[in-house]
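Q: Hi! I have a structure open and I'd like to go through it with you, a bit at a time.
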Amino acid sequence: GGKAFEAFSRCFKEEPTNEIARQELERLASIQESWSELAALYENATHEALDAPLQHELLIKLASIMDERLEQAPRAIEFYRKAQELEPDNLSTLEALEKLYTKGEQWTELLEVYRRKADLSSDPAEREALFFRMAYLWEEMLQNLEEAVSTYKEVLAQDDTNLKALRSLDRLYQIQGAWHELADNLSRQLTLTQDQGETIELLVRLASLRETQLNETAAAVDTYRQVLDLSPTNEPAIAALERLIANEEHQLAVAQILEPIYKSADDWKKLVQVYEIMVSHTYDPARKIELLHRIGELYEIAGDDSRGAFEVYGRALREDPSDQESQGRIEKLARELDAWEQLVGLYHGLVADVMDEVLAVALHMKVASIYEDNLQDLEKAAEAYKRILSVDAQNLEAVNALQQIYIRTDAHQDLVQVILKKA
């Protein structure tokens, strides 16, 4: 056996292209376990001026012997790399290197192999898988998040709808604190997802990001609104808006979003709060009165708080003392609460600032009527009727009312003056 190996060795040295000699040498090396001798023979041959295909074949055989027979991985890699220099696009060589680099945890070199394989591949699915492997190595093995991000972006460059890559970038942007990039990423994910639950989750995250990291409060408010359009009871969105309602610049928009939510929940106290915000932001008297009436109704009906309602209707009346609905609402409660003193004080305060004579007369008449009919204070009723006459000397209703008071109180001298005025 040994002599045969030597004979074929001499033959090979004389003529490296002799395929029969190579086959016999490999057969005998397998029988005799003379792999080291065969490796030395092949390595010496590679130093000679051989044609490229034969050189490549010997280097591959040599690398295989080093890897599989002699377990010398570094030397196997050396010969595979030399073979790769001769045929850079040879996939078998790249796969052999991939196996060795993986086994030896040579991550940087493995990345080069994946990159070369990706460059050579025309199959989108295969390229995508290779990019994901590269991104994994950059992130997990080399702790290079920037390169991992760049690699996932390469996936998106060939398929901008790749949710797996977007979600991986989502995670990395959170680790990096890359808030603007994360916001763009979440927006892109929203355009791709068809699942409502996932849409709501992404919107909540985007809104929170805009609120807490990007200082985009208006955009955050609108995004929370989108959440509640899809899920009216979404607790994170409601809680966030309840925080933001303290922001004066945006509280009106927040109040308008929360109004239907609180209505559906029958939460009258919070509904009062949002209506109060609307009141503070409106300059239209009619709108302000409408809102105050709503607040009053909530106190009166939902809260069973007639005194609270009385105060609110009083505010409405101060906005427009001539508003008959406000007058009717507060007078109804005055009867229920026996709050005539408070009501007459309100009307008395209002009339002092009224410039319109017709309205002034009407309010004085209410004051007089309350003193006369509800408080039985004829003296103050008479004073009110006199004030009417100071504004409108020919007001027959006031004259007649004064006449009846003076008759009832035996105020004869005053009665004469009224009769003369009447005449």
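Q: Let's start with His364: is it buried or exposed?
A: This is a predicted model, and in it His364 has a relative accessible area of 9%. Buried means under 20%, so His364 counts as buried.

Q: Which helix is His364 in?
A: His364 belongs to helix 21.

Q: And what does His364 touch?
A: Leaving out residues up to four places away in sequence, His364 touches Val351, Ala384, Arg387 and Ile388.

Q: How far is His364 from Leu378?
A: From C-alpha to C-alpha they are 14 Å apart in space, and in sequence they are 14 residues apart.

Q: OK, on to helix 19. What span should helix 19 have?
A: Helix 19 covers residues 324-337, which is 14 residues, so at 1.5 Å a residue it should span 20 Å. Its end C-alpha atoms are 20 Å apart, which agrees.

Q: Which residues of helix 19 are buried?
A: They are Ser326, Gln327, Arg329, Ile330, Glu331, Leu333 and Ala334.

Q: Why would residues three or four places apart point the same way?
A: An α-helix has 3.6 residues a turn, so residues with that spacing end up pointing the same way.

Q: Nice. What do the buried residues of helix 19 pack against?
A: They pack against four helices: helix 17 (285-302), helix 18 (306-319), helix 20 (340-351) and helix 21 (357-374). Helix 21 is also where His364 sits.

Q: What comes just after helix 19?
A: Asp338, and that residue takes a positive phi of about 55°.

Q: New topic: how many aromatic pairs does the structure hold?
A: There are three aromatic pairs. One of them is Phe12 with Tyr42: the ring centres are 5.4 Å apart and the planes are at 55°, so this pair is tilted.

Q: Where do Phe12 and Tyr42 lie?
A: Phe12 is in helix 1 (residues 2-14) and Tyr42 is in helix 3 (residues 35-46), so the pair ties together parts that are 30 residues apart in sequence. Both Phe12 and Tyr42 are buried.

Q: What about Trp268 and Tyr299, how are their rings arranged?
A: Their centres lie 5.6 Å apart with the planes at 75°, so that pair is edge-to-face. Trp268 lies in helix 16 (residues 268-281) and Tyr299 in helix 17, so parts 31 residues apart in sequence are tied together. Tyr299 is partly exposed, with a relative accessible area of 21%.

Q: Last one: what does Thr151 touch?
A: Thr151 lies in helix 9 (residues 145-158) and counts as buried at 1% relative accessibility. Not counting residues up to four places away in sequence, Thr151 touches Phe131, Met134, Ala135 and Trp138.

Notes. Residues numbered from 1 in each chain as written. Predicted model: local features only at pLDDT ≥ 70, side-chain atom pairs only at ≥ 80, totals over all residues. Heavy atoms only, no water. Helix = DSSP H or I, 4+ residues; strand = E, 2+ residues; numbered from the N terminus. Buried < 20%, exposed > 50% of the residue type's maximum accessible area, 1.4 Å probe, protein only. Contact = heavy atoms within 4.5 Å. Expected span 1.5 Å × (residues − 1). Phe/Tyr/Trp six-rings, centres within 6.5 Å; stacked < 30°, edge-to-face > 60°.
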